[in-house]
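Morning, everyone. I'll take the interface first, then the fold of one chain. Here it is on the screen.

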Protein chains: 2
Amino acid sequence: MTPMTREHALALDAADTLAPLRRQFDLPDDAVDGLIYLDGNSLGMLPRATAARVAQVITQEWGRGLIGSWNSAGWMAQPARIGDKIATLVGAGPGELVVADSTSVNLFKVLSAALAIQREDAPTRRVIVSERSNFPTDLYIAQSLCRQHGCGLRLVDTPAEIPAALDADCAVLMLTQVNYRTGALHDMAALSAAAHAAGALALWDLAHSAGALPVALNADGADFAVGCGYKYLNGGPGAPAFAWVRPGLVDRFVQPLSGWLGHAAPFAFDPDYRPAPGIARYVCGTPPVLAMAALECGVDTLLAAAKLGGMAALRAKSLALTRLFIDTVAARCAGQGLLLVSPDADAQRGSQVCLAFAGDSAAGRANAAYAVVQALIARGVVGDFRAGDPASGLADILRFGVTPLTTRFVDVWDAVERLRDVLASGQWREPRFAQRGAVT
Amino acid sequence: MTPMTREHALALDAADTLAPLRRQFDLPDDAVDGLIYLDGNSLGMLPRATAARVAQVITQEWGRGLIGSWNSAGWMAQPARIGDKIATLVGAGPGELVVADSTSVNLFKVLSAALAIQREDAPTRRVIVSERSNFPTDLYIAQSLCRQHGCGLRLVDTPAEIPAALDADCAVLMLTQVNYRTGALHDMAALSAAAHAAGALALWDLAHSAGALPVALNADGADFAVGCGYKYLNGGPGAPAFAWVRPGLVDRFVQPLSGWLGHAAPFAFDPDYRPAPGIARYVCGTPPVLAMAALECGVDTLLAAAKLGGMAALRAKSLALTRLFIDTVAARCAGQGLLLVSPDADAQRGSQVCLAFAGDSAAGRANAAYAVVQALIARGVVGDFRAGDPASGLADILRFGVTPLTTRFVDVWDAVERLRDVLASGQWREPRFAQRGAVT
């Protein structure tokens, strides 16, 4: 399916039954002519409903209802209510998932629980297995808990090395389902089963998969999961995150961030901590109400797809978009030294396309990935640069995320055409594109 | 200073040089006739600036600027920038305080640091001293860290017992500067000095003091502090909290919630955690941008008092308001069995007045505190009920917070008059006021 013309891409959009879902968003390309946003996997776009909903929370619920809104406006129920909505997107049941804190903080909670359970069940297992290219915050939290628990972190360089790393020392397999640098999608069912067969627990970070593709936490045998609210869930910058624990494990351990709203009876003001039953004990402090309201609007944009085929239909569109991106780059940017870093096989790819420059290409020798991403941003194509690590053999990455709720086939076509122009013209060599600032 | 008439209270308002600060708020009593909000110590009122500012962040910075706003709109700088503003309210220097996470999560970070430092400096010290009536989340987090560190929690029943509790076993003195149940204000300088003299570190929760009265963290010798954004700082429901560590201690320990935004170079995507220098390492995950923007508007309402005498002037007004409340209750509600739970001496009282019913009074025998608070809410006076704990000898509390930015002297007069009516009429005995729901 390689359209050789822009008209072909437009025809795909015309035939796209999911196209109406795009109208849920306040699109920047309505205002900024020609903007193509391929960074929804870093910060999702703004739903149309969000501004009015947050304004209502601020002016009515907070401004007028004041303290009474904790009950009358349902603020206290937010962590569980929004959690139940997210649960439907990731293959979890009602009452199994809560929204709280950040991904990093939630990872601290669930990894603490996993290590504590293993200390009881299999005390000689003292290794956490993960990928060296896992998102750094996951590795940092694991390093902290390794110090606390006297454990070690074993990092593999390629997914193929994971099964062999699951030996008699392994306590926890901790993976991000879709790798942030490569877009590679792990097989959650197979790796969770491999972890269990080896006596380990399986912990999944859904940062780049929740809302991007079907996730089946219960069916695929995951034990713990965390995920991010501000990427594919469109919850807004720094949106609250979520935590899930397999029901059979959730009551086995009191996670260490034992704040008052994870107490069985917070308003008894009991001086002694008694954890709430189930996943509610994974709530810690007072819910961030404004941010929760924004997140709920974002989650609702995904629930709106239910009548159109839900996550399965979104996944099919996402794969068609990334397939189109890959094939169009191959056809239109040939000879520019670009390598596909993401898996070519659809089943192994998340909702992003990652490219790098071959080291022996002109751009590769010039260390061009950063400058090309900047030149593309100047041309209205917003992707991401992800720095490599020469010591680990990791290349600099050009990353393009597609979000099936909003990305059109013609966006992919146009983005690749602009990439082609930037490369063929050598425009990326302009000095202004080489100046590095903080990139998120 | 006991005005015997409402006119006296109105005269105090007319003479109040801080009165214009009230106009910064979108006041519910503009819309709800007769509402008197005495619960700003649980949830601060809505600043007028907040709705427009948050709308701008949503529609412009997020909706249009998208991912680029992390730099162009200063999102990445929020934790430090707002932290520097709060620092001016609590006697901390620039670069010493960050906004992040919740109070509970921040307490976990700083108490972890305190215990780790003591484990190195004085390994035989394994006791945290606190009050049994400290806010439960503080006790719960301490209980969790006691389990982890093999320490114990020693709880005193009255402030007078604290000095004797600071013995050779004590590692940390952990107090909330103003007790949430009684409004008693600890002497931070004297107790920090006593802790140090005993070889302990001094950790302060500023939940009921930051923004309510002058706090002098550096001058008073505090070692660690956390505080809440949604009470006197008017940051909105569930607003982010803050953390401060004395500069001489901040680089001694890597706090365990080592998320990527506390890394020295987050965008290097280094697989190994290297903490940022200084307080920046107390940031964990991605900042909650919308909530941060709302908090900044709240903090600005306090900074606006700088030209009118700042926290010292706000403190003087706060004390005049609580003094008026206490004296008017004594004069107008005599014989109803009410006892003053808060300290009568101004210097020992925070910005709230806590009352209870004497056990031998009619209301005390009827267990009336909850019903009276509900009947007052029905009459437009919003205070708080805080459940007692008979096992610990703690009475049920009627709590009335004053917020010097917004509370008027006439509000105090009118509130006490309605309290008098509710008691004298016996209206609180109506069955509808006895039905308990969740109260925050």
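Chain B and chain A bury about 6600 Å² between them, with 69% of it on carbon and sulfur atoms. Buried area here is the accessible area (1.4 Å probe) that two parts lose on being put together, summed over both. On the chain B side, B:Trp62, B:Tyr140 and B:Phe269 lose the most area to chain A, together 12% of what that side buries.

Some ground rules. This is a predicted model, where local features need pLDDT of at least 70, side-chain atom pairs count only at pLDDT 80 or more, and totals for chains, interfaces and linings use all residues. Residues are numbered from 1 along each chain as written, chains are lettered from A and ligands numbered from 1 in the order written, and side-chain values use heavy atoms, without hydrogens and water.

The contact (heavy atoms within 4.5 Å) takes 78 residues from chain B and 78 residues from chain A.

How many salt bridges are there between chain B and chain A? The count is 2. The term means a side-chain nitrogen of Lys or Arg within 4 Å of a carboxyl oxygen of Asp or Glu. B:Arg64 forms one with A:Asp26, the closest N and O atoms being 3.3 Å apart.

Now chain A. Of its 440 residues, 65% are buried, meaning under 20% relative accessible area with a 1.4 Å probe, protein chains only. Its C-alpha atoms fill a box of roughly 70 × 55 × 40 Å along the principal axes.

Note on methods: Buried < 20%, exposed > 50% of the residue type's maximum accessible area, 1.4 Å probe, protein only.
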